[in-house]
Amino acid sequence: MRPMRLSDLDGVLEIERSAYPFPWSRGNFIDSIAAGYWTGLLCDQSSGEFIAYAVAMHGVAESHLLNLTVQPAHQHRGHAHRLMRELVAHARERESISLWLEVRESNQRARAAYQRYGFIEVGTRRGYYPAAGQQREDAQVLRLDLENFGDEQR
């Protein structure tokens, strides 16, 4: 695990495009790195292959997970959980009391995983995500209370 660098973006974008029908652009990643957002890039130790990454921004007393993606061939192996542990630790070091994220309403697998991790659904952002046919999809807003986040979840 290490911070993401601009030189990583070709590989990161390959994963992004393989995982999502509406991926982040190179500019989204460049802007995040330039802004000093927290980034975590998980690489295979032997091959150097990129496995997963996350991007989060920190504000006053809170953090916001913007992107967490695991290469489709490496899903269901605990990589997202590892990234979340690293992000939570970093957010707590920054004295964040909550961690926020949005997730597509249709992404039941991700919503269930976040809920198992301790996130609760607190609202809806109407038309937040692009969808097929020039449509928009709602996002569920989730929050993790870091003040009461116990060791059993980490």
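A residue is called buried here when its relative accessible area is under 20%. With that in mind, look at strand β3, residues 62-70, in this predicted model. Seven of the nine residues in β3 are buried, so by that cut-off the strand is mostly covered.

Which strands does β3 pair with? One partner is β2, residues 50-58, and the two strands pair in the antiparallel sense over seven bridges. To find this pairing in the structure, look for A56, which stands opposite L65 in β3. β2 and β3 form a hairpin with three residues between the strands. In this hairpin, A61 takes a positive phi near 65°.

Another partner is strand β4, residues 98-104, which runs parallel to β3 and is joined to it by three bridges. Here E62 has S98 in β4 as its bridge partner. Between these two strands, you can follow the chain through helix α3, residues 79-93: β3, α3 and β4 make a right-handed β-α-β unit.

Now turn to strand β1, residues 38-43. This strand is mostly covered too, with five of its six residues buried. β1 pairs with β2 in the antiparallel sense, over six bridges. A handy pair to look for is L41 and Y53, with L41 standing opposite Y53 in β2.

β1 and β2 also form a hairpin, this one with six residues between the strands. In its turn, G48 has a positive phi of about 80°.

## Salt bridges

Side chains of opposite charge can pair when their charged atoms come close. How many salt bridges does a search of the whole structure find? The search finds six, and three of them are described below.

Because E102 lies in strand β4 and R125 in strand β5 (residues 120-131), the pair ties together parts that are 23 residues apart in sequence. Is E102 buried or exposed? E102 counts as buried because its relative accessibility is 12%, whereas R125, at 36%, counts as partly exposed.

R104 forms a salt bridge with E137, and their closest N and O atoms are 2.8 Å apart. R104 lies in β4 and E137 in strand β6 (residues 135-145), so this pair ties together parts that are 33 residues apart in sequence. Both R104 and E137 are buried.

R111 and E121 also meet through their side chains in a salt bridge, at 2.9 Å from N to O. This pair links distant parts of the chain, with R111 in helix α4 (residues 108-117) and E121 in strand β5, ten residues apart. R111 counts as buried because its relative accessibility is 13%, while E121 is partly exposed, with a relative accessible area of 31%.

## Two crossing helices

Two packed helices are described by the angle between their axes and the distance between the axes. Where can you try this out? Look at helix α1 (residues 9-19) and helix α2 (residues 26-34), whose axes come within 10 Å and cross at roughly 125°.

Definitions and conventions. Residues are numbered from 1 along each chain as its sequence is written. This is a predicted model: local features need pLDDT of at least 70, side-chain atom pairs count only at pLDDT 80 or more; totals for chains, interfaces and linings use all residues. Side-chain values use heavy atoms; hydrogens and water are left out. Buried means under 20% relative accessible area, exposed over 50%, partly exposed in between (1.4 Å probe, protein chains only). Helices (H or I, at least four residues) and strands (E, at least two) are DSSP runs, numbered from the N terminus. Two strands pair if DSSP finds at least two bridges between them. A crossover is right-handed if, with the strands pointing away from the viewer, the path from the first strand over the helix to the second runs clockwise. A salt bridge is a side-chain nitrogen of Lys or Arg within 4 Å of a carboxyl oxygen of Asp or Glu. Axes are lines fitted to C-alpha atoms, for helices over the stretch in contact, and angles run from 0 to 180 degrees between N-to-C directions.
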